[in-house]
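Work through the following exercises with the sequence and the 3D view side by side. Try each task on your own before you read its solution.

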Amino acid sequence: MKLLLLLSLYSRTAIVHLFEWHSVDIISPPNENIIIDNPSRPWWERYQPVSCKICTRSGNEGEFQDMVMRCNNVGVEAIINHMCGSGHSAGTSSTCESYYDASDRDFPEVPYSGWDFKDGKCQTDSGEIQDYDAAAQVRNCRLSGLLDLALEKDYVHTTIANYMNHLIDIGVAGFRLDASKHMWPEDIKPILDKLNNLNTNWFAEGSRPFVYQEVIDLGGEPVSSTDYLGNGRVTEFKYGTKLGTVMCKWNGEKMAYLKNWGEGWGFMPSDRALVFVDNHDNQRGHGAGGASILTFWDARLYKMAVGFIPAHPYGFTRVMSSYHWPRYFEDGSDINDWVGPPNDNGVTKEVTINADTTCGNGWICEHRWRQIRNMVAFRNVVNGESFANWWDNDSNQVALGRGNKGNNDD
């Protein structure tokens with residue numbers, strides 16, 4: 001599970017994805033995961049859980065609880081589709097030293113056994129997804145070797161709900177469901193139905209968790225993002241790919257064409273969309289990554305794109321907060337996409353704050369960039385105001401208004 005800060009969830013309108021921060025600040029997936037034997041320890045080891053213990057390189061459960069109490073409103077990324085890869089046998093290291101044997105489907109700390117996985121439902125010879133045009137394979141077979149949990153079983157989805165409820169009781173306000181595309185939407189619903197109301201120490205009686213589901217859908221795929229709308233908000237991946245194309249002025253695109261931005265561009269309904277320019281996957285070329293995805297590497301265009309998101313009323317906004325890594329291998333042959341967070345011999349460095357409020361020590365902190373920070377404040381002020389007074393010069397100068405509270409010139 002990866003932690004996302006929901007900025008005063010019920011009075012504000014943006015999430016910041018603080019990727020790989022310490023528990024004492026804010027954290028990435030908090031449950032115990034495997035350790036990859038590498039001095040830098042790649043970021044993706046966090047996505048191979050072995051137990052429900054809150055114990056990672058970011059910190060332990062006590063540090064997690066302290067952070068939640070100080071932040072009050074936080075959201076966690078829930079990895080509920082799978083455990084770690086099938087090839088990790090007994091003796092492989094984990095962040096809390098729990099025993100497990102993935103090759104034998106044995107996770108006693110949960111506990112899970114062979115009965116709790118989908119090995120029998122996948123119809124491919126390898127047990128892996130071999131055809132992404134086959135919806136049943138996408139949802140029933142292993143993703144990159146990760147052991148696929150049988151979410152249709154009551155024991156499995158109850159176990160997952162109990163873990164999420166533990167986090168809710170601590171004070172967590174919401175969840176991003178990772179890899180939702182690889183789960184049947186009807187298997188997600190029983191988990192959500194079992195979730196507790198939010199902790200009344202910080203939230204009104206009867207408040208429900210904020211949930212959004214990661215479904216990569218750029219159109220024309222057998223698994224559609226619309227399949228998941230009944231469970232809550234869904235990631236709108238077309239948003240970042242198309243906005244990047246406009247900002248780069250590719251294919252004759254102009255900012256003037258953003259006048260009907262949102263549903264008019266074929267996006268899902270606004271009240272179900274979670275929108276963003278980039279995330280930790282596609283900024284590395286993964287998961288709907290492509291040439292049009294803007295990142296901190298293209299700072300000027302990135303600020304323009306991220307600034308447009310909170311100005312426009314479509315969807316619920318998420319802002320990325322990254323760390324620096326060597327973008328390419330030394331020979332320039334490919335994207336260096338595996339590197340873990342800033343560290344000293346595998347120990348994650350603290351996020352330091354510079355005099356100008358930006359971050360140091362290898363942390364990018366786009367959410368602290370002046371242009372982005374100010375536009376998030378703008379969105380909070382104009383929340384609920386209608387889109388109005390659009391102006392453009394038929395090219396790449398536009399202006400818009402938000403009711404009687406805010407006007408923005410790009």
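**Exercise 1. Find how closely the axes of helix H6 (residues 299–311) and helix H7 (residues 370–382) approach, and at what angle they cross.**

Solution. Begin with the elements themselves: helices (H or I, at least four residues) and strands (E, at least two) are DSSP runs, numbered from the N terminus. Next come the axes, which are lines fitted to C-alpha atoms, for helices over the stretch in contact, with angles that run from 0 to 180 degrees between N-to-C directions. The axes of H6 and H7 come within 8 Å and cross at roughly 10°. Angles under 35 degrees count as roughly parallel, over 145 as roughly antiparallel, 65 to 115 as roughly perpendicular and the rest as oblique; H6 and H7 are therefore roughly parallel to each other. The last step is to list residues in contact, which means heavy atoms within 4.5 Å. On the H6 side they include Tyr 302, Val 306 and Ile 309, and on the H7 side they include Ile 372, Met 375 and Phe 378.

Before going on, note what kind of model this is: it is predicted, local features need pLDDT of at least 70, side-chain atom pairs count only at pLDDT 80 or more, and totals for chains, interfaces and linings use all residues. Residues are numbered from 1 along each chain as its sequence is written, and side-chain values use heavy atoms, with hydrogens and water left out.

**Exercise 2. Work out the strand order of the open sheet of three strands, and say how its strands pair.**

Solution. Two strands pair if DSSP finds at least two bridges between them. The order is E3-E4-E5, with antiparallel pairing, and the edge strands, each pairing on one side only, are E3 (31–33) and E5 (59–60). Take E3 and E4 (residues 49–56), which pair over two bridges: Asn 31 stands opposite Ile 54, and Asn 33 stands opposite Pro 49. Then take E4 and E5, which are also joined by two bridges, with Thr 56 opposite Gly 59, and which a hairpin connects through two residues. Finally, look at what lies across the sheet: helix H3 (residues 154–170) lies across E3 and E4 and runs at about 15° to E4.

**Exercise 3. Is strand E4 largely enclosed or largely open, and what can be said of helix H5 (residues 237–247)?**

Solution. Buried means under 20% relative accessible area, exposed over 50%, and partly exposed in between (1.4 Å probe, protein chains only). Six of the eight residues of E4 are buried, so E4 is largely enclosed by the rest of the structure. For H5, ten of the eleven residues are buried, so H5 too is largely enclosed; among the buried residues are Phe 237, Tyr 239, Leu 243 and Met 247. Their cover includes strand E11 (233–235), strand E12 (273–275) and H6. For the whole protein, buried residues make up 58% of the 410 residues.

**Exercise 4. Which residues touch the most other members of the largest nonpolar core?**

Solution. A nonpolar core is a set of buried Ala, Val, Leu, Ile, Met, Phe, Trp, Tyr and Cys residues joined through side-chain atoms within 4.5 Å. The largest core has 92 residues, of which Phe 107, Phe 175 and Leu 243 touch the most other members, and its largest share, eight residues, comes from H3. Leaving out residues up to four places away in sequence, Phe 107 touches, among others, Pro 49, Val 50, Met 83 and Leu 147. There is also a second, separate core of nine residues, which includes Tyr 212, Ile 216, Leu 274 and Phe 316.
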